[in-house]
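Colleague: I'm new to this one. Can you put it up and walk me through some of it?

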Protein chains: 2
Amino acid sequence: MTQAVSPLATPFPVLPAIAGVTPRVAQARYKAWDRNDLTFVTLEAGTVVAGVTTQSKCPSPEVEWCRAQLPGGEARALVVSAGNANAFTGHKGRAAVEAVTAKVANHLGCAPGAVFVSATGVIGVPLPIDKAEAGLETAFAAAPCGWADVAAAISTTDTFPKGAMTQAVIGNTTVMLVGVIKGSGMIAPDMATMLGYIFTDAAIAPALLQQMLSSANKTSFSCITVDSDTSTSDTVLAFATGKAGNALMAAHSDAGADAFQAALADLCRQLAHLVVRDGEGATKFIEVTVDGAVSDESAHRIALSIANSPLVKTAIAGEDANWGRVVMAVGKAGEPAERDLLAIRFGTTQVAEGGLPVDGYDEAPVAAHLKGQDIRIGVDLGLGTGRATAWTCDLTHGYISINADYRS
Amino acid sequence: MTQAVSPLATPFPVLPAIAGVTPRVAQARYKAWDRNDLTFVTLEAGTVVAGVTTQSKCPSPEVEWCRAQLPGGEARALVVSAGNANAFTGHKGRAAVEAVTAKVANHLGCAPGAVFVSATGVIGVPLPIDKAEAGLETAFAAAPCGWADVAAAISTTDTFPKGAMTQAVIGNTTVMLVGVIKGSGMIAPDMATMLGYIFTDAAIAPALLQQMLSSANKTSFSCITVDSDTSTSDTVLAFATGKAGNALMAAHSDAGADAFQAALADLCRQLAHLVVRDGEGATKFIEVTVDGAVSDESAHRIALSIANSPLVKTAIAGEDANWGRVVMAVGKAGEPAERDLLAIRFGTTQVAEGGLPVDGYDEAPVAAHLKGQDIRIGVDLGLGTGRATAWTCDLTHGYISINADYRS
């Protein structure tokens, strides 16, 4: 956290403890810093787990380990290392994962496959096993901590800690959901990235939790972009301890399942927005909504094409109502689009429709909207009912400074 | 040309006249500037034409006009307007194209379909027909000019004029090829973009010229990227007057066709490199070579994934040997890749192979390479024989300044 705090930062909320979840943090000193960089969360027996991981073809060994264990559906612990991504480290990286999971399994008396791991930070350097083991010993003996400590300990170049909560009523039982997340760009100093953890006391079957997380991911983490770069380490895990005492949810048709799905989607969206708000160099939060596409998938690709366009993002940074760049980004997406049906909105102002600027277009309200921190771009393709929203931040000198004005 | 000249600029070469081609330039004053912004090139009867245009789904009416006329294969004139892209202007834009082509056709006594047009600059504003017509009148009366004047007149935010030449021997005849091009980012002030024109005195059938240009395009203009944004107006046209007197080339098997294809590909590559060298904010020219992919197409997509990565481009700007970002960009391309077979080279130094850093990796020669202006990144996927090269520039504060520190 060496950069100035993002101007889009929000205060860390008051988050409740989740029954069955005990977090602890410690200093493993993966880098030459004086801060907690190892997170150790114990989960009571009976906790189920679901997860989504990076689409990268070059995933870290931690990602591979999580993917291998997720079908088991059971979790007893989570270990997160910050400062070293352990990615692209071959057999040495795999050995580090095995050492960490074996040590925790031995400590808790559980199967290694119930220990989930993540790592984030510099790549190409194997996670030092001695530091990880010493850090774990410290964590084993540490007092439990709060969520703000966890959010800080999993951070790398994040400029503020990120957490959120929500709840759902299932029958007569209120279940709590808490999430913490880190991510700021896809890198800096090397390949720090998005890691998110959700904890709930709900009783839910692991297969259903996985379906719900995958669904929530599609309208949250999969709809944000800071710089279009995809990390080797992206991981979101959801742990459910079942301690709330609700009747077990095992199918979408079970009582409360709809409410829980909605709460999970809301929490994921909150967490995803926090990552965008800490986008490297960000000064504006941008929501891009695409309507009228031939399908939701097509709308999603067009929304991301706009959200990833350096020219759209620099225009917003410059508070420039340059809607021609939005036309360009629609055109380059490769998806069905008819220039002469296209309509574009900035904030609540229609700027173009039917393939040309609106008659008597007045830039004043658009200019006023662009001076704010929360920017909305709306596109209507006029072709069908496909709809999607994406979130991003602007592209500024801050991004260049963080990523280029630096020598490893 | 208000920005400082690119540090990667090269001097404008001495270019020969091409028999049958007569260029003229004039001031249409599409913007409030005191420079030539209208180019009018006449082509003697018998000139054939081929072209490639943008993949954008929102092309300008000029692009649509060129696409409609290209199957005819004949050209008598080229008109290029700089300062106004005439894109996203609906029926008003189409009317401007019709007015320009009709006026030239009337002047030359040819079919309007033999008049090719391009426009580049601000979008969403119809090309003012009165300025275009007055500019054409001035051009009709002007003395012929040289290629440097043409290269300057087609520029918008380019920081230096761009041209190149080559030749080929066909039978006993030497034919000349000259090209001029403009492009610097995909925009600034709005959506300036890549426009390229190639003139040759070779005698060649239009269908063969089209095949050869499409082929040359695949290893040149399609392999460069400045910021991943695709314009509404990209156009490359090749005109062949047949005045060299060589035996007509009508098939790839005809005498000299191989030599001409090679010369055309070489000229396209030279012109494409010039665009990268004037990339907005560029301080480094970057060549990305991918070997060992499952196919050439797969290698091309991976090379562009690396060349488009903001994190790779900012690392090069910072002279940072951050090869982990190359791993990331390979991983995100969505193409077949095996992390544990991947090898990466900077300059001539192998930095990683077999999925991890090379033993005893010494960063010193890589750091020295990165201090230069011409950077080479090599990736070997170890899967097959697919191969491709892409060219790009670094991403710097200059890019942000040009595109964000600006209000329309």
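Modeller: We can go through domains, a sheet, a helix and the core in turn.

Modeller: This is a predicted model, where local features need pLDDT of at least 70, side-chain atom pairs count only at pLDDT 80 or more, and totals for chains, interfaces and linings use all residues. Residues are numbered from 1 along each chain as its sequence is written, with chains lettered from A and ligands numbered from 1 in the order in which they are written.

Colleague: How is chain A divided?

Modeller: Into domain 1 (21–277) and domain 2 (285–404); the bounds come from an automatic or database domain assignment. Taken over C-alpha atoms, the centres of these two domains of chain A are separated by 33 Å.

Colleague: Now the open sheet in chain A. In what order do the 4 strands come?

Modeller: The order is β1-β2-β4-β5, with mixed pairing. Strands are DSSP runs (E, at least two residues), as are helices (H or I, at least four), numbered from the N terminus, and two strands pair if DSSP finds at least two bridges between them.

Colleague: Which strands stand at the edges?

Modeller: β1 (21–26) and β5 (115–122) of chain A; each has a single partner strand, so one side of each is left without a neighbour in the sheet. Neighbouring strands here are turned by 10° against each other on average, direction ignored, with axes being lines fitted to C-alpha atoms and angles running from 0 to 180 degrees between N-to-C directions.

Colleague: And how do β2 and β4 of chain A pair?

Modeller: In the antiparallel sense, over 5 bridges, between residues 38–43 and residues 77–84. A:Leu38 has A:Ser81 as its bridge partner in β4(A).

Colleague: Switching to helices, how many residues of α9 in chain A are buried?

Modeller: 9 of its 9, over residues 324–332. Buried means that 20 or more other C-beta atoms, placed from the backbone, lie within 10 Å of the residue's own. Among them are A:Arg325 and A:Lys332.

Colleague: What covers those buried residues?

Modeller: The cover includes α7 (296–308), α8 (310–317), β12 (343–346) and β15 (374–380) of chain A. After α9(A) comes A:Gly334, with a positive phi near 80°.

Colleague: Which residues touch the most other members of the largest nonpolar core?

Modeller: A:Val330, B:Ile306 and B:Val330, out of 283 residues. Such a core is a set of buried Ala, Val, Leu, Ile, Met, Phe, Trp, Tyr and Cys residues joined through C-beta atoms within 7 Å.

Colleague: What does B:Val330 touch?

Modeller: Leaving out residues up to four places away in sequence, its contacts include A:Cys58, B:Ile302 and B:Leu342; contact means C-beta atoms within 7 Å.

Conventions: Buried ≥ 20, exposed ≤ 12 C-beta atoms within 10 Å, placed from the backbone. Contact = placed C-beta atoms within 7 Å.
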